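Have the viewer open and follow along.

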Amino acid sequence: MVLSKTASESDVSIHSTFASRYVRNSLPRFEMPENSIPKEAAYQIINDELMLDGNPRLNLASFVTTWMEPECDKLMMESINKNYVDMDEYPVTTELQNRCVNMIARLFNAPLEHGETAVGVGTVGSSEAIMLAGLAFKRQWQNKRKAQGLPWDKPNIVTGANVQVCWEKFARYFEVELKEVKLREDYYVMDPEKAVEMVDENTICVAAILGSTLTGEFEDVKLLNDLLVEKNKLTGWETPIHVDAASGGFIAPFLYPELEWDFRLPLVKSINVSGHKYGLVYAGIGWNIWRTKSDLPDELIFHINYLGADQPTFTLNFSKGSSQVIAQYYQLIRLGFEGYRNVMDNCRENMMVLRQGLEKTGRFNIVSKENGVPLVAFSLKDSSRHNEFEVAETLRRFGWIVPAYTMPADAEHITVLRVVIREDFSRTLAERLVADFEKVLHELDTLPARIHAKMANGNVNGVKKTEDEMKREVMMYWKKVVETKKTNKNKIC
């Protein structure tokens, strides 16, 4: 199902300049061409279009890895034709995944005896891992309620309003009520006390975030665990915790080893982490680890034998590439604990360079904390003339992709910019970004205030505007800006 639109409907053909030495006829845009074309022409046509994409290294909106060593790139290309699900045909690849699961489980302090095998699975990303964890909690809760002769048709899950959209997807797709703890100004993560207050007999788990997408902050899993232990004692419930460590799971063990957030806490029953974020692998790999085998219901595990030997499987999808699994194993043995710690230390140092540089401009309030995921979230001290969206839009002229967004309920009035610091974001780039921010701000200062500035007092051309009218005009202005940009891009294409 195609939901996006990238070209005008009238432009139904694709034209190529350089490929004209191989092919002169234009290609249909939305239909398969009638005839074959030379491989050189196909490559050039696609390559030309992709030039208009942003530069992944300058995409500071993304947590996802955009650089790996050439040796790992080579390993990935050599295994790109292996379907991971064919475990009997590719037993070594399966073994490498099992090694990764066990390494990560021990990194998260799973209670494993010497020689004991960890319980976990590789996934396409943390979204799939969260779906699997949620299903396990739902089934565990349902089985217990059925055994007790109690209603089991209204499960809910408690999270903060700052959770990633995959939690909303899980709740909607698998019919679980999502109970969100609202945010407030200067506190942009889930409040453990309010979360525990929302827990009832139908709560399948409380989801804590180790590295909020909005500000990079770690939620207080230790406090959540302690409060929930007390409530479970009073009520007789056994409400567990899942930790969404998509961003922070490969950071906390190296930068904050004393922080208790993982399986050291008794109510933490499962943890997901994104290998393609600070696990330092290209997009397409996540992991879910369970505390013990008893935390993963047997009925969710399928056994197949039509690919060879008996193969247990617990995934939402079937086929997937082997490359990312192999790349994850490469990074784990290549870097080791020391190497990951050095990478994370360097990311944090570059984050501080950027943070201090932005503070020195005197134009920004820093919203994010110094501890947590290495990112800087910040807002303008004065947005009466120009806002964060205009800063982000103007910054793109220098190649930088920096997102501007509003906070979730109940902090929607706060707008921030966010820069994620990855391994390939150097100190030099941090200093250059600060310089470009200063150029953008100077340029915006010399321009007339945009429509939202004129409406700051709700007065345009002497006519008093209502708050709804002001918001509507601002929205229409930005819609016009976006549509103009799309039109210009289509003309270039």
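## Helices α2 and α9

In this predicted model, helices α2 and α9 cross in a right-handed sense. On the α2 side, the contact is made by Glu71, Cys72, Leu75 and Met76, while α9 brings Ser323, Gln324, Ile326, Ala327 and Tyr330. Sorted by class, these contact residues comprise six nonpolar, two polar and one charged.

Now for the geometry of the pair. Helix α2 covers residues 70-78 and helix α9 covers residues 323-361; their axes lie 8 Å apart, at an angle of about 150°. Angles over 145 degrees count as roughly antiparallel, so that is the description that applies to α2 and α9.

## Helices α3 and α9

Helix α9 also packs with α3, residues 91-107, and here the axes come within 9 Å and cross at roughly 45°. The two helices are therefore oblique to each other, and the crossing of α3 and α9 is left-handed.

Which residues of α3 and α9 meet? From α3 come Thr93, Leu96, Gln97, Arg99, Cys100, Met103 and Leu107, and from α9 come Val325, Ile326, Gln328, Tyr329, Leu332, Ile333 and Phe337. By class, this contact holds 10 nonpolar, three polar and one charged residues. Ile326 of α9 takes part here, and Ile326 is also listed in the contact with α2.

Is arginine 355 buried or exposed? Its relative accessibility is 9%, so arginine 355 counts as buried. Setting aside residues up to four places away in sequence, arginine 355 touches Ile366, Ser368, Lys369, Glu370 and Val376.

## A cis peptide bond at aspartate 410

Most peptide bonds are trans, and most residues other than glycine have a negative phi. Against that background, have a look at the bond joining alanine 409 and aspartate 410: this peptide bond is cis, with omega about 0°. Aspartate 410 sits in the loop between β14 (404-406) and β15 (415-420), and with a relative accessibility of 46% it counts as partly exposed.

Beyond its neighbours within four places in sequence, aspartate 410 is in contact with Lys182 and Leu183. The C-alpha atom of valine 181 is 9.4 Å from that of aspartate 410, although 229 residues separate the two along the chain.

## Two positive phi values

Aspartate 186, in the loop between β5 (177-181) and α6 (192-198), has a positive phi near 75° without being a glycine. Leucine 280 has a positive phi of about 75° and is likewise not a glycine; its loop runs between β8 (268-274) and β9 (286-290).

How do their surroundings look? Aspartate 186 has a relative accessible area of 60% and is therefore exposed. Leucine 280, with a relative accessible area of 3%, is buried.

## The chain as a whole

Stepping back, the chain has 13 helices and 17 strands. Its residues number 493, and 48% of them count as buried.

Among contacts with a separation of 6 or more, 68% are between residues 24 or more positions apart.

Terms used
Residues numbered from 1 in each chain as written. Predicted model: local features only at pLDDT ≥ 70, side-chain atom pairs only at ≥ 80, totals over all residues. Heavy atoms only, no water. Axes fitted to C-alpha atoms, helices over the stretch in contact; angles between N-to-C directions. Helix = DSSP H or I, 4+ residues; strand = E, 2+ residues; numbered from the N terminus. Parallel < 35°, antiparallel > 145°, perpendicular 65-115°, else oblique. Left-handed = near helix turned anticlockwise from the far one by under 90°. Contact = heavy atoms within 4.5 Å. Nonpolar A, V, L, I, M, F, W, Y, C, P; charged D, E, K, R; others polar. Buried < 20%, exposed > 50% of the residue type's maximum accessible area, 1.4 Å probe, protein only.
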